[in-house]
Amino acid sequence: MTDTLRNRRHQQLLSLYQAALRSVNGEQAVRQYFEEHPLPGEWAVVAIGKAAAAMAKGGQQALGERLHSGLVITKYGHAAPSLQANRWRVLESGHPLPDENSLRAGETLLEFLHQLPNEIPLLFLLSGGASSLVEVLPDGLGLEELERVNDWLLSSGLTIGEMNRVRKHLSAIKAGRLARHLGGRRCLQMLISDVPGDDPATIGSAPLYPSAALTLPNNLPEWLKELVDTGEPSPEESEPVFATIETHIIASNARARQAVSEAARSIGLTVKDHPGHFQGKVDTLAAEFVDELLASPAGVLLLWGGESSVALPLNPGRGGRNQHMALAAAKLLAGREDCLLLAAGTDGSDGPTEEAGALVDGMTVRRGEEEGSSAEAALREADSGRFLEVSGDLIETGPTGTNVMDLVIAWKWDVSDAATD
């Protein structure tokens, strides 16, 4: 396959990924909701998560002069300078690990709600990442305990859902507890879903939504079991604090996959979209995805959405679960001239890195190893990002204004048709 054809295939697949991001952009999703459901009167706005700034911009456009005041809490580097300074307070804090600014953001959030006049309704815009970005801890716990818990969680191999159940037990605002601070005011909650099943009880650790019994993972160390017992019980669904809260999901992974499918069919591809969401160990999933890709007929685009998990070594290198997924797949595709696989987050970042993921082909491993890197060592040391940088396969988007889990897009074509393509 010529470099020209390879580059064209890469650009086509990247354009499908971009179509997904546009379809679930937070600014567009909020604005579209208001266009379809006009809301009269003055509103205050709180936006929390990786997509908070984009969602806040959508709220600002929709409300105009009816915006009473606003608070944005988002990841470092994700703030939107176009928000009106006199109407908004914008805070940035830590992700994927909470930091001292996450605790300051929690204090500011409670102050904002307590100082808001009771007659002003609240537009609450929530997206993934909120679990780390804002926190209020039970009395007696501080940043040291919070950091220790999250360090353990991120190296535990637990799924995102299991991690967040632990975080809910340790929080004074998660699992519906923030609803106790609304003062009975009307609240419209709009969610961008980054969880399997799009369950409002798990998105952003559900500060304004009731949670069912929080079953903890079985393998918690004793010191962590003692900490999770310090939190107050979360409010039950029947409690009156939820009576004035209305909840809507305005963007999801399924919508992003639909956009990919529509764009792929427009260029003549057959699409196989896998419903539901993948979960599990990244190496196992990479092998399953490649097996299906290689067994598929030419001209088929395969599409998955979800989140994998990686058990990190003691001193992990540079990379995230999508970069690990892509490099593991590249090893299995080595030497192939008829396949591409993209694994990327929809928020524009992957783990602690600023790359969204990677787009690999059958020459990825060769390119990286010609530059002196080892794919095997990179996977073993959780250093896939460094390998994929030298192989030239990383995807960089910057903040995308959304967060609907990850996408894996794989494409196989007939090499014999390449000359006439």
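Visitor: What should I know about the model before we start?
Guide: It's a predicted model, so local features need pLDDT of at least 70 and side-chain atom pairs count only at pLDDT 80 or more, while totals for chains, interfaces and linings use all residues. Residues are numbered from 1 along each chain as its sequence is written, and side-chain values use heavy atoms, with hydrogens and water left out.

Visitor: OK, which residues touch the most other members in the largest nonpolar core?
Guide: Y17, M190 and L301, out of 50 residues in that core. A nonpolar core here is a set of buried Ala, Val, Leu, Ile, Met, Phe, Trp, Tyr and Cys residues joined through side-chain atoms within 4.5 Å. Buried means under 20% relative accessible area, exposed is over 50%, and partly exposed is in between (1.4 Å probe, protein chains only).

Visitor: What does Y17 touch?
Guide: Leaving out residues up to four places away in sequence, Y17 touches L342, A344, G345, T346, A356, I395, T397, L407 and I409. Contact means heavy atoms within 4.5 Å.
Guide: Apart from that core lies another one, of 32 residues, including A330 and V365.

Visitor: Switching to charges: how many salt bridges are there?
Guide: The structure holds 20, each being a side-chain nitrogen of Lys or Arg within 4 Å of a carboxyl oxygen of Asp or Glu.

Visitor: Where do R104 and E100 sit?
Guide: Both are in helix α4 (residues 100–115), and because they are four residues apart there, about one helical turn separates them. Helices (H or I, at least four residues) and strands (E, at least two) are DSSP runs, numbered from the N terminus. The closest N and O atoms of the R104–E100 salt bridge are 3.8 Å apart. R104 is partly exposed at 44% relative accessibility, and E100 is partly exposed at 42%.

Visitor: And D338, buried or exposed?
Guide: D338 is buried, at 9% relative accessible area. Its salt-bridge partner is R336, with the closest N and O atoms 2.8 Å apart; R336 is partly exposed at 30%.

Visitor: What about R367 and D361?
Guide: Their side chains form a salt bridge at 3.2 Å, N to O. D361 is buried at 2%, whereas R367 is partly exposed at 24%.

Visitor: Which residues are linked with E27 in a network?
Guide: R31 and K57, through salt bridges.

Visitor: Last one: where is S252?
Guide: S252 is in the loop between β6 (245–251) and α9 (253–266). S252 counts as buried, at 11% relative accessibility. Not counting residues up to four places away in sequence, S252 touches V24, S193, D198 and V404.
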